[in-house]
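The entries below are kept in the order in which I checked them.

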Amino acid sequence: MSLKSERRGIHVDQSELLCKKGCGYYGNPGWQGFCSKCWREEYQKARQKQIQEDWELAERLQREEEEAYASTQHPQGAQSLTFSKFEEKKTNEKSRKVTTVKKFFGASSRAGSKKATQETSLNPGQLGKERGADNLLRDLKEIFTPPWELPSPTEVLAGKLREVQEAKAASPISRQVSIETDRVSKDFCDFLKTYHKPGQEIYKQCKLFLEAMHHKRELSIEEQSEYTQDFYQNVADKLHARWKVSPEKVEMAMDQIEKYIMTRLYKYVFCPETTEDEKKDLAVQKRIRALHWVTPQMLCVPVNEEIPEVSDVVVKAITDIIEMDSKRVPRDKLACITSCSKHIFTAIRTTKNEPASADDFLPTLIYIVLKGNPPRLQSNIQYITRFCNPSRLMTGEDGYYFTNLCCAVAFIEKLDAQSLNLSQEDFDRYMSGQASPKKQEPESWSADMCVGVRQMYRNLDLLSQLNERQERIVSEAKKLERDLIDWTDGVAKEVQEIVEKYPLEIKPPNPALAAIDSENVENDKLPPPLQPQVYAG
């Protein structure tokens, strides 16, 4: 078996990129090998099971508490019974007052009830169970709180006023938006004008969604992601079923919706503090730095960077994968990954003078990631996974390239000596920095050639490459000089033609007009001035 065959441990079968449930869509390591559709189904099943178990636990704890309380009670005569009824009546009266205050503020808070109604319409059938699961701890606390520790109506009133003030202070409508957000909002409104009535409904749904997400910031990022994916699905279904929009226009609308809402939500949902995304970013960056010694030959990368055209394309691919972090919209980040992948295929095709294959693509992508070390790589992957339109990740070239990037990152995290066809001793020495791999020597050199002669040949080869580079630079500089001269001559020629076509005519100045009181030689020809006459009245 050849050396190249032995190193094919990097090869990933194309079937391994698909969803492990067999639906035919692309899977994702972030979704445990499922596609977004199957992952949501599995997630919903696991979540419903967890909610059911939590409710069963709450009911069991409540029963145990009631049984323990009943076992400690025993008859103490009429006085104890009267006192018990008095305490029960007092507790009921206090609970009734608290409920009355809550209903009073619930009726006056029309905006709050309206938001709740809109939120229910956006996600029917699931809101009750979700709220039950999210408020489980609070419900347990209310169950086991003694009557004398219940809040008074005044405390409830103060709490409600404080919540209203906090909601007004943190409202996304009143905050100052950035220039980019304003531009995206304007473009989004201009785009929706072409949809007429469906456009108005889409804009309304997006505003409701942003308001709902503002109130869901305390939830986990997975729950926010699920809510966003549900919103995408609901809007797409309405465009298809209710307004009979063509699939092409639906895809365009979904891209614009994603751009609009994610530009506004980016700073809240990208690498949130409640997750370990930042920790994973640092771990991946540290891992890539430790693997700086990996060469293209170890990965069987079919790219020759000594070819100037290939070297330029490799630089563009690295630039694209690094630029991904500067984008705010998941679709734009995917576009950077797609552009990087296309540059990789171009580099392979230029080197091999034949079409590139998928088996050559993944090792080259791994090499590009190692060489570029993109910032916040895991955060960007998680952000795309959580908030991108799921249809883009399930099918098409964007989904294919993104799945390969996830596989490349997973390979880098698990890369070992066997993957690079190295001994464990050499791998450990390279990783610790005690040694670095030697450059592959030309096969034409004999084994008994002395070290000095080998070094001389290497220096001559390096000088030859530098000379070729210098000649290429001089040639390009001369070409640039000729282009500048030709451009200058062309501009001068055009100016001369315009001057000849429209010659400048300088007319003589007009004679100055004589002033009224100036000396005039023709005054003697004028009639005498009129003399004033006095009439006797």
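**Ground rules.** I am working with a predicted model, in which local features need pLDDT of at least 70 and side-chain atom pairs count only at pLDDT 80 or more, while totals for chains, interfaces and linings use all residues. Residues are numbered from 1 along each chain as its sequence is written, and side-chain values use heavy atoms, with hydrogens and water left out.

**Overall.** I find 21 helices and zero strands in the protein chain, taken as DSSP runs numbered from the N terminus (helices H or I, at least four residues; strands E, at least two). Of its 537 residues, 32% count as buried, where buried means under 20% relative accessible area, exposed over 50% and partly exposed in between, with a 1.4 Å probe and protein chains only. Among contacts (heavy atoms within 4.5 Å) between residues at least 6 apart in sequence, 72% join residues at least 24 apart.

**H11 and H15.** I looked up helix H11 (residues 247–269) and helix H15 (residues 330–352), whose axes come within 8 Å and cross at roughly 105°; the axes are lines fitted to C-alpha atoms over the stretch in contact, with angles from 0 to 180 degrees between N-to-C directions. H11 and H15 are therefore roughly perpendicular, given that angles under 35 degrees count as roughly parallel, over 145 as roughly antiparallel, 65 to 115 as roughly perpendicular and the rest as oblique. On the H11 side I note Asp255, Glu258, Met262 and Tyr266, which meet Pro330, Arg331 and Lys333 in H15.

**Ring pairs.** I count 18 aromatic pairs, a pair being rings of Phe, Tyr or Trp (its six-membered ring) with centres within 6.5 Å, stacked if the planes are under 30 degrees apart, edge-to-face over 60 and tilted otherwise. Phenylalanine 188 and tyrosine 203 form a tilted pair, at 6.4 Å centre to centre and 35° between the planes. Phenylalanine 188 is in helix H8 (residues 179–192) and tyrosine 203 in helix H9 (residues 197–215), so this pair ties together parts 15 residues apart in sequence. Phenylalanine 188 counts as buried at 1% relative accessibility, whereas tyrosine 203, at 31%, counts as partly exposed. The rings of tyrosine 266 and phenylalanine 270 are stacked, with centres 5.0 Å apart and planes at 20°, and both residues are buried.

**Cluster and charge.** I see Phe209, Tyr227, Phe231 and Tyr232 linked into a cluster by ring pairs. Lysine 216 lies over the face of tyrosine 227, at 4.7 Å from the ring centre, the rule being NZ of Lys or CZ of Arg within 6 Å of the ring centre and within 35 degrees of the ring normal.
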